[in-house]
Amino acid sequence: MDDRPTRRFLPRTVATRALGVGRPPSTALTPSIDMSTTYVRDPDNGYSSGHVYGRKDNATVQQAERQIAELEHARDAVLFGSGMAAATAVFTALPPTHIVAPRDMYWGLRVWLQSAHRYGHEVSFVDMSKLEDIRSALRPGKTGLVWIETPSNPLWTVTDISAVADLAHRAGAMVCADSTVATPVLTKPLDFGADIVMHSATKYLNGHSDVVAGALTSADRSELWLRIKDMRDQHGAVLGSFDAWLLTRGLRTLDLRVKEQSRSAAQIAERLRGHPAIGAVLYPGLPDHPGHAIAARQMSHGFGGMLSLRLRGGAEAAITAAAQVQLWRRATSFGGIESLIEHRASIEGEGSPCPDDLLRLSVGLEDPDDLYRDLADSLDLLTRM
């Protein structure tokens with residue numbers, strides 16, 4: 001205890017240091033934000049608080065990381081400034097190796113992987129719904145990583161995590177699963193054998209369309225995991241404390257949001273089946289979806305809040321339908337509380353494997369009856385044109 005007499009400081013000093021600095025945490029119900037970039041040393045020159053410098057020691061960021069690790073049944077978690085920063089950290093931390101990745105996956109990362117030879121990597125893109133294709137692509141002793149995205153964006157292909165993890169581990173490869181769409185509410189890939197899980201925390205983990213962030217969680221502290229953490233700090237790809245605080249706020253309602261969005265998406269997908277303007281409804285929760293049985297086995301509490309529609313009239317019909325809705329917002333992203341609709345091929349551009357007749361839907365928290373009627377009204381107009 002410091003027995004020195006309290007000194008009255010001049011106003012400039014009081015304003016600079018802020019009232020309450022250094023006091024024990026309050027009993028406030030809402031977590032406070034640690035905005036500090038650096039921390040004071042002890043008289044013996046140590047750091048008994050465990051915090052040295054804000055780039056990797058920020059308490060607010062660490063709190064969000066602990067929340068995500070616990071949700072994923074992970075041993076550790078690290079946050080990044082974006083989902084792409086998190087994903088590419090896995091690949092750049094790897095020594096030059098052979099990588100197996102999905103043919104159907106998030107377009108931004110697929111484009112990045114197409115140039116991964118810059119880091120000495122060779123990438124094979126395969127249909128992750130076909131175990132035989134994965135088995136054929138693996139090179140025992142040479143493949144270092146298998147990347148999974150399930151359900152995949154925007155076709156919602158389902159990958160059997162346990163089966164792929166078994167094949168990969170037998171070949172000496174690690175498995176990283178992009179579980180952005182499923183979230184830990186619906187699927188915990190580490191429980192099915194994955195080594196690392198990636199999230200674009202911009203999406204469901206935050207859920208309010210006001211934070212750009214990425215997250216990685218790990219089953220153990222492998223050499224690769226330690227390199228990832230070192231590179232995060234060395235490259236400065238960290239998340240700011242205010243964004244981490246917003247992410248913590250979003251995580252507090254994650255379970256409720258995802259389950260409700262999944263229920264609404266399932267209702268909308270079922271009701272849209274058979275509409276004359278629609279050629280196919282892509283949603284893992286539908287019994288006729290090719291990956292439904294696997295999804296039912298590894299997803300709990302629902303099949304997610306994402307679905308896609310393929311319009312019979314092609315790209316023109318898809319773009320027209322998106323332009324005629326009132327409730328659905330035409331915007332890029334997903335996982336927020338508001339419902340979004342997007343002609344995905346327009347965003348991905350030339351070379352995209354996304355069909356040009358496809359609309360990607362992110363179901364929010366509006367009433368599903370209103371969302372369905374809004375879509376149905378737009379689709380009905382198409383049939384009368």
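Biologist: In which hand does H11 pass H15?

Modeller: A crossing is left-handed if the near helix is turned anticlockwise from the far one by less than a right angle, and right-handed if clockwise. Here H11 passes H15 in a right-handed crossing. The contact (heavy atoms within 4.5 Å) is made by Ser264, Gln267, Ile268, Arg271 and Leu272 of H11 and Pro368, Asp369, Leu371, Tyr372, Leu375 and Leu379 of H15. One caution belongs here. This is a predicted model, where local features need pLDDT of at least 70, side-chain atom pairs count only at pLDDT 80 or more, and totals for chains, interfaces and linings use all residues. Residues are numbered from 1 along each chain as its sequence is written, and side-chain values use heavy atoms, with hydrogens and water left out.

Biologist: At what angle do the axes of H11 and H15 cross?

Modeller: Axes are lines fitted to C-alpha atoms, for helices over the stretch in contact, and angles run from 0 to 180 degrees between N-to-C directions. The axes of H11 and H15 cross at roughly 30° and come within 10 Å. Angles under 35 degrees count as roughly parallel, over 145 as roughly antiparallel, 65 to 115 as roughly perpendicular and the rest as oblique. H11 and H15 are therefore roughly parallel to each other.

Biologist: What about H4 and H9?

Modeller: Helix H4 (residues 83-93) and helix H9 (residues 223-235) have axes that cross at roughly 120° and come within 9 Å. That pair is therefore oblique. Ala89, Val90, Thr92 and Ala93 of H4 make the contact with Leu224, Arg227, Ile228 and Met231 of H9. The crossing of H4 and H9 is right-handed.

Biologist: How do I check the span of a helix?

Biologist: Which residues of H15 are buried?

Modeller: Buried means under 20% relative accessible area, exposed over 50%, partly exposed in between (1.4 Å probe, protein chains only). An α-helix has 3.6 residues a turn, so residues three or four places apart point the same way. The buried residues of H15 include Leu371, Leu375, Ser378 and Leu382. Partners of the buried residues include helix H13 (314-324), strand E8 (278-282) and strand E9 (306-311).

Biologist: What caps the N-terminal end of H15?

Modeller: Look for a polar contact: a pair of N or O atoms within 3.5 Å; within protein, one must be able to donate a hydrogen and the other to accept it, and residues adjacent in sequence count only if both atoms are side-chain atoms. Asp367 is the cap, with a side-chain oxygen 2.8 Å from the backbone nitrogen of Asp369.

Biologist: Is Ser124 buried or exposed?

Modeller: Ser124 counts as buried, at 16% relative accessibility. Strand E3 (residues 122-126) holds Ser124. The side chains of Ser124 and His98 are joined by a polar contact of 2.8 Å.

Biologist: Where does Leu29 lie?

Modeller: Leu29 lies in the loop between helix H1 (11-17) and helix H2 (54-57). Leu29 is exposed, with a relative accessible area of 76%.

Biologist: Which residues are joined by a cis peptide bond?

Modeller: Thr150 and Pro151 are joined by one, with omega about -15°. Asn153 and Pro154 are joined by another, with omega about 10°. Pro151 lies in the loop between strand E4 (143-149) and H7, and Pro154 is found in the loop between E4 and H7.

Key:
Helix = DSSP H or I, 4+ residues; strand = E, 2+ residues; numbered from the N terminus.
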